[in-house]
Amino acid sequence: REVLPRHLGFLEARLEASETGWLAGTERPSIADFVFVPRLQWLVCGGAKEGMGANLLDGFPKVKGMIAKMMALPEVVAWYEKHPPAPQ
């Protein structure tokens, strides 16, 4: 219960220091963003073990913002339109 919030806090701090809202501070998302966003979504959407859910990221607004920013990229939107996630 303490490890995950601590690590989310590291991500939050990194994003706070970023002028662009991406983990590496790059103009466009880096591989780090493309790795973290799906894993964070998996944690929030019930793919993880019991006790983690939709409110997991409530204390981490920059992390939530990064996810929203990634999912709003036109290229990401287009990919999901062609490859919708399988129903759970």
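**Reading the helices and the aromatic pair**

Modeller: In helix α3, the residues V63, M66, I67 and M70 are buried, where buried means under 20% relative accessible area, exposed over 50% and partly exposed in between, computed with a 1.4 Å probe and protein chains only. They lie on the same side of α3 because they cover an arc of only 95° around the axis, the arc being that of the directions from the helix axis to the C-beta atoms.

Colleague: On what conventions do these values rest?

Modeller: This is a predicted model, in which local features need pLDDT of at least 70 and side-chain atom pairs count only at pLDDT 80 or more, while totals for chains, interfaces and linings use all residues. Residues are numbered from 1 along each chain as its sequence is written, and side-chain values use heavy atoms, with hydrogens and water left out.

Colleague: Against which helices do the buried residues of α3 pack?

Modeller: A contact means heavy atoms within 4.5 Å. The buried residues of α3 pack against α1, α2 and α4 (74–82), whereas those of α2 pack against α1 (3–17) and α3 (61–71).

Colleague: Which residues of α2 are buried, and which exposed residues does the face turned away from its buried side carry?

Modeller: In α2, D33, V37, L40 and L43 are buried. They cover an arc of only 130° around the axis, which puts them on the same side of α2, and the face turned away from that side carries the exposed residues I31 and R39.

Colleague: How many aromatic pairs does the structure hold?

Modeller: A pair of aromatic rings is described by the distance of the centres and the angle of the planes. Rings of Phe, Tyr and Trp (its six-membered ring) pair if their centres lie within 6.5 Å, and planes under 30 degrees apart count as stacked, over 60 as edge-to-face and the rest as tilted. The structure holds 1 aromatic pair: W79 and Y80 are edge-to-face, at 5.2 Å centre to centre and 85° between the planes. W79 is partly exposed, with a relative accessible area of 47%, and Y80 is partly exposed, at 31%.

Conventions:
Helix = DSSP H or I, 4+ residues; strand = E, 2+ residues; numbered from the N terminus.
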